[in-house]
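Subject: Structure for your files

Hello,

Here is the structure you asked about. My notes on it follow below the display.

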Amino acid sequence: MEHEYTVDDAEEGLRLALSGAEEARIRGMAAILIGKTGDDPAALVLALGDADKGVRARAMEGLVAQGAVLPLVRALQNPAWRVRYRAAEGLGRIGDRRAVGPLVRALRDEKDHVRYMTAKALGLIADPAARDALLPLLSDPNPPARKAAAFALGRVGGADEALEAALVAEPSGAVRRAIRDALGRP
């Protein structure tokens, strides 16, 4: 007698492929399919820590497609900075205001990559509640974090005075351009 496979069997196979396949390409495809089914955000959150950058990106895209705000908010607490980075990215792409508080807390992350992506995410959400927390990032030691803070403050609004002061003090040409863009200047 032949075994009849169910959708549950197929989903289990996808989870096994995502967590155990040797080839990153197979893990990435599994992340895409799990993202489309909407059934297992926990497996995708685990894949945010995959060794392969492409798999991490596909897992984040799957979580975005699922609108998985709460699993991504929890992932901001993960010890691995790459997971926190992708969680912030996903939250920004979803654009749900429930993420603003956790993202504001993540602006103090020890890893500059996470601070950068968190500021960018807050800019995409564009909630004025993030303004005061973004201001200190204008003097972050990391230029991409400062650039993302300028972008975010330009979208949030109400920070022209701080942006003007940062423009005068900013040593990086790329960050100065971002600040001028935030101020609506050429």
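Please keep in mind that this is a predicted model, so everything below is computed from it.

Overall picture

The protein has 12 helices and 0 strands. Read from the N terminus, the elements run α-α-α-α-α-α-α-α-α-α-α-α. Along the principal axes, the C-alpha atoms fill a box of roughly 75 × 30 × 30 Å. The protein has 186 residues, and 47% of them count as buried. If you take contacts between residues at least 6 apart in sequence, 57% of them join residues at least 24 apart.

The largest nonpolar core contains 58 residues. Leu18, Leu103, Leu134 and Leu163 are the ones with the most contacts inside that core. Leaving out residues up to four places away in sequence, Leu18 touches Arg27, Ala30, Ala31, Ile34, Ala43, Leu44, Ala47 and Val55.

Helix 2 against helix 4

Helix 2 covers residues 24–37 and helix 4 covers residues 53–66. Their axes are 8 Å apart and the packing angle is about 5°. Angles under 35 degrees count as roughly parallel, which is why helix 2 is described as roughly parallel to helix 4. On the helix 2 side, the contact is made by Ala24, Arg27, Gly28, Ala31, Ile32, Ile34 and Gly35. On the helix 4 side, Val55, Arg58, Ala59, Gly62, Ala65 and Gln66 take part. Sorted by type, the residues of this contact are 7 nonpolar, 4 polar and 2 charged.

Which residues of helix 11 are buried? In this helix, residues 160–169, they are Leu163, Ala166 and Leu167. They cover an arc of only 105° around the axis, so they sit on the same side of helix 11.

Is Arg146 buried or exposed? Its relative accessibility is 8%, so Arg146 counts as buried. Not counting residues up to four places away in sequence, Arg146 touches Leu137, Leu138, Ser139, Asp140, Pro141, Glu170, Pro171, Ser172 and Val175.

Two further residues

Ala126 lies in the loop between helix 8 (112–125) and helix 9 (131–134). Ala126 is not a glycine, yet its phi is positive, at about 60°. In general, most residues other than glycine have a negative phi. Ala126 has a relative accessible area of 18% and is buried, the cut-off being under 20%.

Pro186 is in the segment after helix 12. With a relative accessible area of 96%, Pro186 is exposed. Pro186 and Arg84 are 102 residues apart in sequence, and their C-alpha atoms are 34 Å apart in space.

Regards

How values were computed:
Residues numbered from 1 in each chain as written. Predicted model: local features only at pLDDT ≥ 70, side-chain atom pairs only at ≥ 80, totals over all residues. Heavy atoms only, no water. Buried < 20%, exposed > 50% of the residue type's maximum accessible area, 1.4 Å probe, protein only. Helix = DSSP H or I, 4+ residues; strand = E, 2+ residues; numbered from the N terminus. Arc of directions from axis to C-beta. Core = buried A, V, L, I, M, F, W, Y, C linked by side-chain atoms within 4.5 Å. Contact = heavy atoms within 4.5 Å. Axes fitted to C-alpha atoms, helices over the stretch in contact; angles between N-to-C directions. Parallel < 35°, antiparallel > 145°, perpendicular 65-115°, else oblique. Nonpolar A, V, L, I, M, F, W, Y, C, P; charged D, E, K, R; others polar.
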